[in-house]
Amino acid sequence: MVALAPFVLGLCFCVFVISRFEWAQLVDGHGDHWITGGALAISTLAAGKILAGAKALAILGGGGGAGVLKDAALVLWVLTLLWLPVLVVAECLRPRLNYDVRRWSTVFPFEMYAACSFVVGAAAGAGAITDFARVWVWIALVVWAVVFGAMIRREILAVR
């Protein structure tokens with residue numbers, strides 16, 4: 001129950017920050033605009049962890065509290081996934097092919113999408129979400145490898 005206060009406060013901060021997000025960053029950013037997806041995924045992960053903890057401790061029983069937490073986790077997961085196509089389309093419209101250290105901000109949400117999907121899928125008993133997570137882990141690994149490879153390539157070229 002104590003975790004709900006900072007969770008709700010975190011959601012408020014998320015809304016505050018995203019409401020001030022510069023939409024031009026989707027086109028002009030260097031990869032760091034992806035962190036918005038990571039922020040949503042962290043909120044989703046937190047909701048899933050609180051739901052899992054409440055279920056494990058049986059503090060909410062079968063009443064409405066568990067249902068509200070489950071609904072919140074699922075709504076956040078859907079919002080997180082709805083933001084993903086926006087980021088992917090922005091990336092496709094303006095590919096950022098040169099390595100920039102801010103590209104690690106692109107890797108982070110890919111990993112967080114997998115992590116939050118595992119937690120929410122398990123806590124909510126939604127096998128499809130867990131299946132998505134199993135696939136998404138591999139996508140995240142590919143994104144990590146591409147950014148890591150670009151970093152290594154840049155360092156090798158810098159030495160020459």
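Predicted model: local features only at pLDDT ≥ 70, side-chain atom pairs only at ≥ 80, totals over all residues.

Mentor: Two packed helices are described by the angle between their axes and the distance between the axes. Here the pair is helix α1, residues 4–19, and helix α3, residues 35–57, which pack at an angle of about 165° with their axes 11 Å apart. An angle over 145 degrees counts as roughly antiparallel, and α1 and α3 are therefore roughly antiparallel to each other. Their crossing is left-handed. On the α1 side, the contact is made by Leu4, Phe7, Leu11, Cys14 and Ile18. On the α3 side, Ala39, Leu40, Ser43, Ala46, Ala47 and Ile50 take part. Sorted by class, this contact has 10 nonpolar residues, 1 polar residue and no charged ones.

Cys14, one of the α1 contact residues, also comes up with the cysteines. A disulfide is a covalent bond between the sulfur atoms of two cysteines. The count for this model is 0 disulfides. For Cys116, the closest cysteine sulfur is that of Cys14, at 12 Å, which is too far for a bond. Cys116 is buried, with a relative accessible area of 0%, whereas Cys92 is exposed, at 58%.

Thr130 lies in helix α6, which covers residues 127–159. With a relative accessible area of 14%, Thr130 is buried. Setting aside neighbours within four places in sequence, Thr130 is in contact with Ser117, Phe118, Gly121 and Ala122.

How values were computed: Residues numbered from 1 in each chain as written. Heavy atoms only, no water. Axes fitted to C-alpha atoms, helices over the stretch in contact; angles between N-to-C directions. Helix = DSSP H or I, 4+ residues; strand = E, 2+ residues; numbered from the N terminus. Parallel < 35°, antiparallel > 145°, perpendicular 65-115°, else oblique. Left-handed = near helix turned anticlockwise from the far one by under 90°. Contact = heavy atoms within 4.5 Å. Nonpolar A, V, L, I, M, F, W, Y, C, P; charged D, E, K, R; others polar. Disulfide = S-S within 2.5 Å. Buried < 20%, exposed > 50% of the residue type's maximum accessible area, 1.4 Å probe, protein only.
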